[in-house]
Amino acid sequence: MSINYNLDSKQIEYAPKSETILLFGGLTLTRERILQAAAASVGEEYIFLPNATYRSYELGKMYGNKAQCSPTYFTVGNLIKYLIYLRDEKKIPTKEIIRRYVHVTANGCGPCRFGMYITEYKKALRDAGFDGFRVVSFEHNGNIFQEAQEQIVKFSPKFFIILTKAAIIADILTILGDKLRPYELNKGEVDKVLKRCEDKIVEALKNRRSLIRELYSCRKELEKLSLNRVVPKPKVMVMGEFWAAMTRSDGNYQIHKFLEEQGAEVISQPLINRILLNIWEAEYLREQKEGLDSKGLVDFSEAKKKTLILGAKYSIRATFNLYAKAIGLKGYELANMDYLYKIAKDYYPVDSNGGEGHLEVAHLLEAIKHKSAHLVVSVKPFGCMPSSGVSDGIQSLVTSKFKDANFISLETSGDGAVNFYSRLQMALFKAKQSAKEEFSKFKLPSSIPSFVNRYNFEPKAPCISTAAKIAFYLEQRR
Ligand code: SF4
């Protein structure tokens, strides 16, 4: 972890920890609310920034350097937007904002622009009139091995463990929303129910109650949902650069919402995938190093690292499965990073590890091999080197080998919504056709049993769409 100041910090008397307000942001509202409660449960009070908007992007461009990738503009601009709000709407003097507020962010060593985020924050904050504002960063790829060096934020193992549990639950609620919302009979009902589940989790975290019990109690809420799941809708996997694919904001033109409005069921990437990738990268590097250092002797100095990696890997998976079972999320498996590496390594030079590394190519290959989506969309930010420069080139090779793959790579520049939606609609048309064709192969019974519309009914079937899976199941039981 490192702490960064814009000015010679000796000129500013910063507030003590007890008066300091920590800002964090860049995820989705559900994730941020649950993570905020998790941090509070271990005594760390965070304020999460509101979702990034086009205004954030404008401010990022206005105060940032030229030719940055769009997540840089959105995230840096979003912080500036919030500080301007504190100054102009809340009437907090600039000096007081600089003295008391600290922004906590992830940072990396590149090779992409992630390694330059801190410099960008510094420049933009200075030019926007917040010179001296503190930005604290932790290495996104240092994960379980980073040690706290500063007292202002305690990145203790306890803090990371509760945050990981919270991230898993937030992912599960997000996945449930994506699976159920397209089939709701009463518009807005799924979001209302999930909000009640979110409230329960937030309260449980704040009061240190059992998370499993709360998740189990959410089942009662979810069981009340009125759904019609026998409508053929294409499944669309949204992947790509981490932030651009994950955000539910103007940062990707609200792609998830748009796809649902256009009649699709979205398969989104959970936040925990990013952590699993970091762990996989740590393991891969450790193994490479072990190979280089090996002189036929057992290296005990690496044993602790090896145990930590294995422990983190298996406990994340076990926790996810436990929580998913408690709430009734069925038929969903977390990404298997070893398998994704195995299928991607013949296409992607795995040592090129910027951005999502080999993961974009692996996701497409997995969707093709396992027939899990009618369309795969890769969302890539304008100016992103790993995503546009490397992965996209390799995706052309993949699609030339697998001619049936319905894949589209879309750039989010922050000011090209019309082009983005129009290209997406073209690819979606083809996906809708395939979903209809798949469904038309089955003959539905005259009366459809009500249990198939339960939120947790998940039959195993060699089909892609939810409706086709149910139709297959009904045909088999006749
Ligand atoms: S992966 Fe791409 S979009 Fe993300 S920080 Fe790096 S260059 Fe920017």
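Helices (H or I, at least four residues) and strands (E, at least two) are taken here as DSSP runs, numbered from the N terminus. Residues are numbered from 1 along each chain as its sequence is written. The structure is a predicted model, in which local features need pLDDT of at least 70, side-chain atom pairs count only at pLDDT 80 or more, and totals for chains, interfaces and linings use all residues. Y347 is located in the loop that joins α13 (337-344) to α14 (359-370).

Confidence is expressed as pLDDT, the predictor's value for each residue, from 0 to 100. The protein chain has a mean pLDDT of 89, with 92% of its residues at 70 or more. Within the protein chain, strand β7 (residues 265-267) has the highest confidence, at a mean of 98, and strand β1 (residues 2-4) the lowest, at 52. Over residues 142-149 pLDDT stays under 50, and the model has 15 contacts beyond four places in sequence for this stretch. A contact requires that the C-beta atoms of two residues, placed from the backbone, lie within 7 Å.

Burial was assigned from C-beta atoms placed from the backbone: a residue is buried if 20 or more other C-beta atoms lie within 10 Å of its own, exposed if 12 or fewer, and partly exposed in between. A nonpolar core is a set of buried Ala, Val, Leu, Ile, Met, Phe, Trp, Tyr and Cys residues joined through C-beta atoms within 7 Å. The largest such core holds 93 residues, and I169, V236 and V238 touch the most other members. Helix α6 (residues 157-180) contributes ten residues, the largest share of this core. A second, separate core has 33 residues, among them L125, A128, V135 and C384. Apart from neighbours within four places in sequence, the contacts of V238 are A245, I255, H256, V266, I267, S268, V377 and V379.

Two helices were examined for span, where the expected value is 1.5 Å times one less than the number of residues. Helix α7 (residues 189-206) comprises 18 residues and reaches 26 Å from its first C-alpha to its last, close to the 26 Å expected. Buried positions in α7 are V190, V193, L194, C197, E198, I201, V202, A204 and L205. These buried residues pack against α1 (29-41), α6 and α8 (211-223). An α-helix has 3.6 residues a turn, so residues three or four places apart point the same way. Helix α16 (residues 417-440) has 24 residues and reaches 34 Å between its first and last C-alpha atoms, close to the 34 Å expected. In α16, the buried residues are L424, A427, L428, A431, K432, A435, E438 and F439. Their cover includes β6 (235-240), β8 (375-381), β9 (407-412) and α17 (466-476). K430 also belongs to α16, but is partly exposed because 14 other C-beta atoms lie within 10 Å. K430 and P449 are 19 residues apart in sequence, and their C-alpha atoms are 30 Å apart in space.

Two loop residues were noted for backbone geometry. Most residues other than glycine have a negative phi. R208, in the loop between α7 and α8, is not a glycine but has a positive phi of about 50 degrees. R208 counts as exposed because it has 10 C-beta neighbours inside 10 Å. A67, in the loop between α2 (54-63) and α3, has a positive phi near 60 degrees. With 9 C-beta neighbours inside 10 Å, A67 is likewise classed as exposed.

The ligand is surrounded by 13 residues, of which C69, C112, F114, G355 and C384 are the closest. A residue is near a molecule if its C-beta atom, placed from the backbone, lies within 6 Å of it. Helices α3 (70-88) and α15 (385-401) each supply at least two residues of this shell, and α15 gives the most, with three. The shell divides into eight nonpolar, three polar and two charged residues. In this division Ala, Val, Leu, Ile, Met, Phe, Trp, Tyr, Cys and Pro count as nonpolar, Asp, Glu, Lys and Arg as charged, and the others, Gly among them, as polar.

Y347 and V361 are 14 residues apart along the chain, with their C-alpha atoms separated by 7.9 Å. Leaving aside neighbours within four places in sequence, Y347 is in contact with V361, I394, L397 and V398. Y347 is partly exposed, as 18 other C-beta atoms lie within 10 Å. I279, in helix α11 (residues 271-293), is buried, with 20 other C-beta atoms within 10 Å. The C-alpha atoms of I279 and I309 are separated by 6.5 Å, although the two residues are 30 apart along the chain.
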